[in-house]
Amino acid sequence: MTTRPRPSFPARLDSSASSSRGVKKHTATETALQSPLLRHVARPVVQSLGMDSQAVRQNMVSKLAADGIADARVLVAMGTIERHRFVDTALVNQAYEDTSLPIGLGQTISKPGVVSRMAELLLNGRADKLGRVLEIGTGCGYQAAILSLLATEVYSIERLRGLHDKARENLRTLRLPNVHLLFGDGMAGFSKGAPYAAIIAAAGGEAVPQAWIDQLAVGGRLVAPVMSGERAKQALMVIDKTPGGLRQMVLETVHFVPLKSGIA
Ligand code: SAH
């Protein structure tokens, strides 16, 4: 038994977590307490996992905030889900660095900076949580766990059986009843869960498959890495489906594993 004082959860973020982008100045703690979702979900998750990595995770969260992630709900989620549980034992000491890491079968767990950026783009400053979300590319399940704290339902699809099984194992102890793991080719989306309030891809293709656009709700937002023209670089693409049609933005360069067809 250790007698060390336990850090409180969620740790209070310093004022750098508040935004220069016009978001009201409040701490992640305050937001967490206001949110019925986080009141009911975040605490049991943390209680069931132990607190040893809390300080190092809060350090990561402070860095994300300093790098411009302003949505307090995203910062709370990043501080809640224990990323070290999603990587191999040999990589645990790198789990809270802003780096992608191998998860087997040639795939990687996305960088915390990119996961939080994409989650913030999906939320798009809205006050309420997201409805149904589709994630293409479950990998080890980390981003699905983050999304589970920000959305009512998360459907996450993976084309590699080995990783689908690994994600199931990783997520088992977290007991997130709103995460639905699917094995299949995400190129076709998952029509049974459609329409989605948000669609997020963790693998980059030449273009956004039409099925994803079709399965996006009107008022919904899709965020995906897509090859952008010259020099074959990937960029983050945001597509909003408005009553008046599709609105598209191409943002910063990113580096995701390729989106592939079929299952394996
Ligand atoms: N979301 C993960 C990132 C996993 S890497 C995280 O939390 O870090 C991207 C994943 O996309 C890989 O596991 C890869 O196998 C998967 N993928 C690639 N093409 C796919 C497709 N068509 N359907 C489903 N998954 C796909």
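Predicted model: local features only at pLDDT ≥ 70, side-chain atom pairs only at ≥ 80, totals over all residues.
Good morning. A nitrogen atom of the ligand is placed 3.3 Å from a polar backbone atom of Arg-159. Taken alone, the ligand exposes 580 Å², and the protein buries 100% of that area.

Glu-158 has an N or O atom in its side chain that is 2.7 Å from an oxygen atom of the ligand. For Gly-137, a backbone N or O atom lies 2.9 Å from a nitrogen atom of the ligand. In total, 26 residues are around the ligand, and those that come nearest are Ser-110, Gln-143, Glu-158, Gly-186 and Lys-260. Sorted by class, this shell holds 12 nonpolar, 9 polar and 5 charged residues.

Which elements each supply at least two residues of the shell around the ligand? They are β2, residues 107-109, β3, residues 130-136, α6, residues 142-148, and β4, residues 151-158. Of the elements, β2 gives the most to the shell, with 3 residues.

I turn next to β2 itself and to its partner. Strand β1, residues 101-104, is joined to β2 by 3 bridges, and the two run antiparallel. Within this pair, Pro-102 has Thr-108 of β2 as its bridge partner. The hairpin of β1 and β2 has 2 residues between the strands. Leu-105 lies in that loop and has a positive phi of about 55°, although it is not a glycine. Is Leu-105 buried or exposed? Its relative accessible area is 56%, and because the cut-off for exposed is over 50%, Leu-105 counts as exposed.

Ile-109, by contrast, belongs to strand β2 and is buried, with a relative accessible area of 2%. Ile-109 and Gln-143 are 34 residues apart in sequence, yet their C-alpha atoms are 8.5 Å apart in space. Gln-143, as I said, is one of the residues that come nearest to the ligand.

The parallel strands come next. β3 and β4 are joined by 6 bridges and run parallel, and Leu-130 has Ala-151 in β4 as its bridge partner. Together, β3, α6 and β4 make a right-handed β-α-β unit. β3 also pairs with β6 in the parallel sense, over 4 bridges, and here Leu-134 stands opposite Ile-199 in β6. As for its cover, 5 of the 7 residues of β3 are buried.

On to β4, which pairs with strand β5, residues 179-183, in the parallel sense over 5 bridges.

The loop between α7 and β5 contains Arg-175. Its phi is near 45°, a positive value in a residue other than glycine. Arg-175 is also exposed, with a relative accessible area of 69%.

Ala-194 and Pro-195 are joined by a cis peptide bond, with omega at about 5°. Pro-195 lies in the loop between β5 and β6, the latter being residues 196-201.

Two other parts of the chain remain.

Lastly, Gln-248 lies in strand β9, residues 245-254. At 55% relative accessibility, Gln-248 counts as exposed. Its C-alpha atom is separated by 5.7 Å from that of Val-238, 10 residues apart along the chain.

To close, I return to the ligand. Thank you for your attention.

Conventions:
Residues numbered from 1 in each chain as written. Heavy atoms only, no water. Near = heavy atom within 4 Å. Polar contact = N/O pair within 3.5 Å; in protein donor to acceptor, adjacent residues only side chain to side chain. Areas by Shrake-Rupley, 256 points an atom, 1.4 Å probe, with all protein chains shown as cover. Nonpolar A, V, L, I, M, F, W, Y, C, P; charged D, E, K, R; others polar. Pairing = 2+ DSSP bridges. Buried < 20%, exposed > 50% of the residue type's maximum accessible area, 1.4 Å probe, protein only. Right-handed = clockwise from strand over helix to strand, strands pointing away.
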